[in-house]
Amino acid sequence: MPSFGRYIGIDYSGAQTPTSSLSGLRMYTADRVSPPFEEQPPPSPRKYWTRRGIAEWLLAKLNMDQPALVGIDHGFSFPLRYFKEHGLPPDWSAFLEDFQIHWPTDGDKTYVQDVRDGVCGNGAARFGNSRWRRVTELRAGAAKSVFHFDVQGSVAKSTHAGLPWLRYLRQQARGRAHFWPFDGWEVPSGCSVVAEVYPSLWSGSFPRDGRSPDQHDAFAAAEWLRRADRDGTLADFLNPSLEPTEREVARIEGWILGVA
């Protein structure tokens with residue numbers, strides 16, 4: 001029996017500002033019986049979603065009674081090396097607070113590049129190294145470091161743009177959402193889940209059907225989540241086979257849902 005009533009796949013973008021309409025920011029939703037369809041932004045002069053708009057829409061859905069499984073295509077945390085280098089406690093909530101102070105990329109007119117260039121924030125005090133990779137990235141194989149900017153297929157910009165919005169959701173959802181695996185590997189019954197995904201793991205398994213690469217990644221994420229819940233394999237992916245030390249590290253670094 002499926003555990004969730006709604007499946008949401010988001011292909012993220014760190015371009016421009018949080019209030020910019022972005023063609024690369026796409027969202028598909030599905031229910032238990034129907035395949036994913038593209039979720040359009042509310043009527044406005046903006047043609048596409050904004051990062052702020054996505055966060056506000058998600059918050060409304062997370063506060064509903066029907067549990068949702070949300071997969072977002074950007075890093076949810078940083079390698080353990082980052083925590084050690086900057087003297088941070090091994091705590092994800094504290095990490096989000098510290099990151100937003102130094103990288104305030106949720107500001108309406110703030111570009112990720114602004115923080116990188118020192119125009120605002122204090123990113124210089126919280127830089128990472130592109131050679132640092134999380135355990136889940138190593139296990140996934142092709143996944144790039146969350147610090148690997150300015151290369152094809154990079155998630156660094158989207159990660160640095162998206163982390164403050166995870167903080168926003170965590171604060172505003174008031175416990176109605178389980179941020180996996182930081183809140184625990186076991187998901188409480190009837191609770192929505194927000195997890196990191198890597199659509200490249202699945203996008204080749206589904207026909208493109210005229211979708212753009214960004215649309216198809218969001219579709220593939222939502223459809224994989226739906227199918228994994230329906231066929232019962234989701235439970236194993238929510239509790240991957242990890243050594244005790246790996247499991248402990250992953251509670252800090254995060255884990256890509258779907259990586260065994």
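**Pockets and cavities**

Modeller: The lining of the largest pocket comprises ten nonpolar, ten polar and nine charged residues (nonpolar: Ala, Val, Leu, Ile, Met, Phe, Trp, Tyr, Cys and Pro; charged: Asp, Glu, Lys and Arg; polar: the others, Gly among them). This is a predicted model, where local features need pLDDT of at least 70 and side-chain atom pairs count only at pLDDT 80 or more, while totals for chains, interfaces and linings use all residues. Residues are numbered from 1 along each chain as its sequence is written, and side-chain values use heavy atoms, without hydrogens and water.

Biologist: What is the volume of the largest pocket?

Modeller: Rolling a probe the size of a water molecule over the atoms shows where empty space is left. On a 1 Å grid over the protein atoms alone, a pocket is an open set of points with protein on both sides within 12 Å along at least five of seven lines, a cavity is a set where a 1.4 Å probe fits but cannot get out, and lining residues have an atom within 4 Å of a point. The largest pocket has a volume of about 650 Å³. Of its 29 lining residues, Tyr12, Asp73, Gly153, Ser154 and Val155 are the closest to the centre.

Biologist: How many cavities of 30 Å³ or more does the search find?

Modeller: The search of the whole structure finds one. The largest cavity has a volume of about 60 Å³. Its lining includes Tyr12, Arg51 and Trp165, and by class has eight nonpolar, two polar and one charged residues.

Terms used. Points joined across faces, edges and corners; volume = space filled by probe spheres on them.
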